[in-house]
Amino acid sequence: MAVRATVLRFPSEPDAQESSGLPWGVTVTPFAAKDENGNSPLYGSGGDLIPRCENCWAYYNTYCDQEQWAWTCAICGTLNGLSSETIARHANPESSPETMSSFVDLELPLDGAEEEDMQARPVYVAAIDLASSEEFLELTKSALLAALEALAPGSLFGLATFSHKLGLYDVQGPIPVVKNVFLPADSDGTLSIELEDAMPLFSFLAPVETCKDRIASALETLRPTSSWAGTGGEQGLDRILLGGRGFGLAMESLISYLGSEHGNTFALARIFAFLSGPPDYGPGQLDTRRYGEQYASRGEDAELALLPEQTPFYKDLAAVAVQAGVCIDILAVTNEYTDLASLKFLSIDSGGSLFLYPNTDDSTLPQDMYRMLSRPYAFNCVMRLRTSTEFKTGNSYGHFFPDPQYENVQHVICCDSYATYAYDFDFVNNDGFARHTSELPMLQLAFQYTVVVPPEEHSTTGSGLTSRSKYIIKRRLRIRTMQFGVARNFNELYDSVDPEVVLSILVHKVILASLSEGVREGRMLLHDWLVILTAQYNDVCKIASSEFRSSTGSLIDVTFSQCPQLQALPRLVFALLRNPLLRFHEEGIHPDYRIYLQCLFSGLEPGSLHRAIYPLLTSYANPDKLAYPRHSLSRAALMTSESPIFFLDAFTILIVFYSSTADPTLPYPPPHDCLLRRTINKVKQERSITPRLMFIRGGQEDASVFESYLIEEQDVDGGGFANAMGFVSFLEEISQSVLEYMK
C-alpha cells in the first residue's frame with residue numbers, strides 16, 4: 001500500500017495553499033505489496049477485533065494515546081472506552097499487530113455460510129470476435145495459449161465466439177462441440193433461447209488442468225466469418241448475414257449466463273473480450289460514421305464530438321456485470337475507429353482493463369495476457385480514506401465507483417498491485433492547522449479486500465484429487481495510518497514537493513476537463529496552471545518585484561532556480577502538452593488511442609506515469625558500461641554526448657539506438673548477457689504492461705520513431721503546427737504569460 005503526497009509538508013492554512021499554486025493531494029496504490037519506502041505490512045488475524053472510534057469510525061493505530069481504560073483517536077481526537085477483551089488482547093503485542101505497526105494487513109472472518117458454500121474456483125472466459133481476420137485470430141490463439149500456461153490448476157475456462165451468432169464450446173469430451181445461438185440484428189432484440197438451455201454452464205466451463213490440450217484444439221478450429229461463405233447461390237444472403245459483430249448482446253448474454261453461479265461456484269469471473277472492430281450488429285451497435293472530417297467542415301470541436309460515449313448501453317451493462325460478479329477486460333486489436341469512448345465503461349467500470357493494439361504484427365497481446373494472469377489480484381474491494389478534522393478529501397480519481405450510501409467510500413471490483421487512485425484535499429475552514437497545537441495532519445487509508453488462495457499442493461487425505469481443486473476465499477483488511485508535517489513557510493512547502501505526484505493529480509484533472517470541455521480546454525487548464533504556479537513562486541520568492549520587471553520578462557524565473565523540487569515541472573508540463581493525450585485531432589491523433597491513453601494514465605502509479613509522459617534517455621559507452629544516467633530529450637543532447645548507444649524508456653516502448661558515428665565493431669543488437677540487456681529485462685519485468693522493444697541503427701535504419709521522442713526542439717515532428725514549439729520557446733512564452741498575469 002503505497003501512499004505518496006504532492007507535498008510532504010502540508011500547507012498551514014487555506015491562504016498558504018492557494019498562494020502556493022500547488023495541487024494538494026495524494027496517490028494511493030492500495031494492493032501494492034509494500035509501501036512507498038519498500039516496507040511490508042505487519043500481517044496477522046483479528047481484523048474484526050481492532051477498536052474503532054465512536055465518532056469517525058477510524059481504526060485504532062500506533063499514533064493513538066492509550067490510557068488504562070480509554071484511548072484517544074489520532075484522527076478526530078475523540079476519547080473512546082476500551083473493553084476488557086481489548087485490554088487483554090493489547091497486553092499481548094503478538095495478538096494485536098495494530099499496537100506494533102501503523103501499517104497492518106489482517107485477516108477478517110468470513111460468514112459461516114459464505115465459508116461453507118463457496119468453492120471459489122477462479123473462472124475465466126474468452127469471448128472471441130469472428131467478424132475479423134486470420135491474422136487477428138492467430139494473435140488471439142497465441143494470447144490464449146499463453147493465458148492457459150498462466151492459469152493455476154483448479155481454474156475453470158470457457159471458450160465463446162461472437163459474430164452474427166454466439167458460439168459456446170464444450171471441450172470436455174473427446175471432440176470439441178460448439179453450440180451456436182443466433183443474435184438478432186435489431187438494436188432492441190433478445191435471444192430466442194437461454195444460453196443455459198443451449199449448453200449447461202458446467203459443460204461450458206472446463207477444468208484447465210485436464211482440458212488444456214482440448215482447449216488448444218478448439219482454438220485451432222476457429223475461422224473468421226469472411227471465410228465461411230459457400231459457393232452456393234445464397235452467397236449474397238450469406239454475406240449479409242456474415243457481416244455482423246454482435247458484441248453487445250453477446251456480452252450481456254455471457255454475463256447473465258455466468259451470473260447464475262456467482263457466489264456458488266465462483267466469487268469473481270473474468271471475461272476476456274477480443275475485439276477486432278466496432279460492434280455493428282444487434283443491441284449495443286455503435287454508429288462509427290461520427291468519425292470523419294465532417295466535424296472540421298462544420299466548425300465543430302472534433303475532440304468534444306468524439307470523446308463522450310454515444311450510448312449508455314455499455315455503462316449500464318457494466319453495472320449488471322458488477323452485480324453478477326463478472327469483470328471484463330477488453331483487448332482491441334484494430335486500427336479502425338471502434339468508439340472506445342462508448343466501450344471503455346464495460347471494462348473500467350467492471351474492474352477490468354482496456355488494451356489497444358493498432359496492428360497484429362508487433363502486438364504484445366500474448367505477453368500482456370500472461371502477465372495479467374500471473375500476478376495476484378484482489379476483488380470486491382472497499383476503500384476509505386479518513387483525514388484529521390482540519391481538512392477533508394475533495395475530488396477522488398481512478399477506476400472505482402462511489403458507494404451509493406456512504407460518503408468517501410469507494411468500491412473497486414478488481415484490483416492488482418499496480419492499480420493507483422488519487423484524492424485531492426480541501427481545508428474544512430479558514431483556521432487550517434493551528435500553530436499553537438502539537439497535533440499534526442493525519443491520514444488513514446483502510447482497504448478491505450478478498451483474495452482467492454490456491455489449494456495446498458499436498459493433500460491431507462488419501463483422495464487428494466477432489467481437494468486439490470478446492471480454492472479458499474480470504475477476506476482481509478489493510479490499514480495504513482500516516483502523519484505529515486506542516487510547512488511553516490513557502491520555502492518549506494516548495495522544498496517538500498514530489499513532482500511525480502503533482503503530475504499525477506494534473507493528469508487526472510486535464511483528462512476530466514478534456515472529457516467535459518474538450519482537449520483545447522484541457523490544454524488551457526494545464527498551461528494556465530503553470531503560469532499561476534510560476535507567478536506565485538516568483539511573487540513568494542520576491543524574484544520579480546514590480547519596479548524591476550522588464551518588458552522582456554527576463555527577470556521572471558521560469559526554471560525555479562531557487563527550488564530544486566519544482567525544477568522538473570516545466571519540462572513535465574511541456575511534455576504533457578506534446579503527448580497524444582492532449583494533441584489535436586487534426587494532428588492525426590486517433591480518438592480511440594486518446595481514450596486508451598486516458599484509461600491507461602488514470603490508473604498508473606506516479607513513477608510509471610512520469611516515464612510515460614517524459615521518457616528516460618540514458619547513454620552507454622558500450623553495452624556493458626553506462627555513460628550517463630539521464631539526458632534531456634533533445635537532438636543537442638545526442639550531438640554533445642560522445643556516447644555511441646542510447647536507451648530510451650517511454651513506458652509503452654523501449655528503444656535502443658546506435659548513433660550513426662558508433663564504432664562498427666560494437667555488437668549490434670546488444671548481447672543477451674550485457675548490462676544494457678539486463679537493464680531492459682528488469683524494466684520489462686517491473687512494468688504493468690509489456691513494453692515493445694525496438695533496436696535502431698542510426699544512419700542505416702529509419703530512426704523517425706526514436707526522433708519523435710526528442711521533443712525539446714522546435715517542430716520536432718516536422719508537422720509545422722503552431723503549438724509544436726521547442727522547450728526554450730515554451731519557457732519564453734510562459735514568462736510573457738506570467739508578466740501579463742502579474743500586471
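This is a predicted model: local features need pLDDT of at least 70, side-chain atom pairs count only at pLDDT 80 or more; totals for chains, interfaces and linings use all residues.
A pocket is here an open set of grid points with protein on both sides within 12 Å along at least five of seven lines, and its lining residues have an atom within 4 Å of a point.

**Pockets**

| Pocket | Volume | Lining residues |
|---|---|---|
| Largest pocket | about 1200 Å³ | 42 residues |
| Second largest pocket | about 650 Å³ | 30 residues |

In the largest pocket, P580, Y593, T652, R692 and Y709 lie nearest the centre. At least two lining residues each come from β16 (354-357), α19 (569-578), α20 (591-601) and α21 (606-613). Helix α20 gives the largest share, five residues.

The centre of the second largest pocket has E605, G607, S608, E686 and R687 as its nearest lining residues. Its lining draws at least two residues from each of β1 (2-5), β3 (25-29), α21, β25 (616-622), β27 (645-649) and α23 (675-686). This lining divides into eleven nonpolar, eight polar and eleven charged residues.

**Helix pair α4 and α7**

Helix α4 (residues 134-150) and helix α7 (residues 208-220) have axes that come within 11 Å and cross at roughly 175°. Because of this crossing angle, α4 is roughly antiparallel to α7. The contact residues of the pair are seven nonpolar and four charged, with no polar ones. On the α4 side they are K141, L144, L145, L148 and E149, which meet V208, K212, I215, A216, L219 and E220 of α7.

Technical notes:
Residues are numbered from 1 along each chain as its sequence is written. Side-chain values use heavy atoms; hydrogens and water are left out. Axes are lines fitted to C-alpha atoms, for helices over the stretch in contact, and angles run from 0 to 180 degrees between N-to-C directions. Helices (H or I, at least four residues) and strands (E, at least two) are DSSP runs, numbered from the N terminus. Angles under 35 degrees count as roughly parallel, over 145 as roughly antiparallel, 65 to 115 as roughly perpendicular and the rest as oblique. Contact means heavy atoms within 4.5 Å. Ala, Val, Leu, Ile, Met, Phe, Trp, Tyr, Cys and Pro count as nonpolar, Asp, Glu, Lys and Arg as charged, and the others, Gly among them, as polar. On a 1 Å grid over the protein atoms alone, a cavity is a set of points where a 1.4 Å probe fits but cannot get out, and a pocket is an open set with protein on both sides within 12 Å along at least five of seven lines; lining residues have an atom within 4 Å of a point. Grid points are joined across faces, edges and corners, and a volume is the space filled by probe spheres set on the points.
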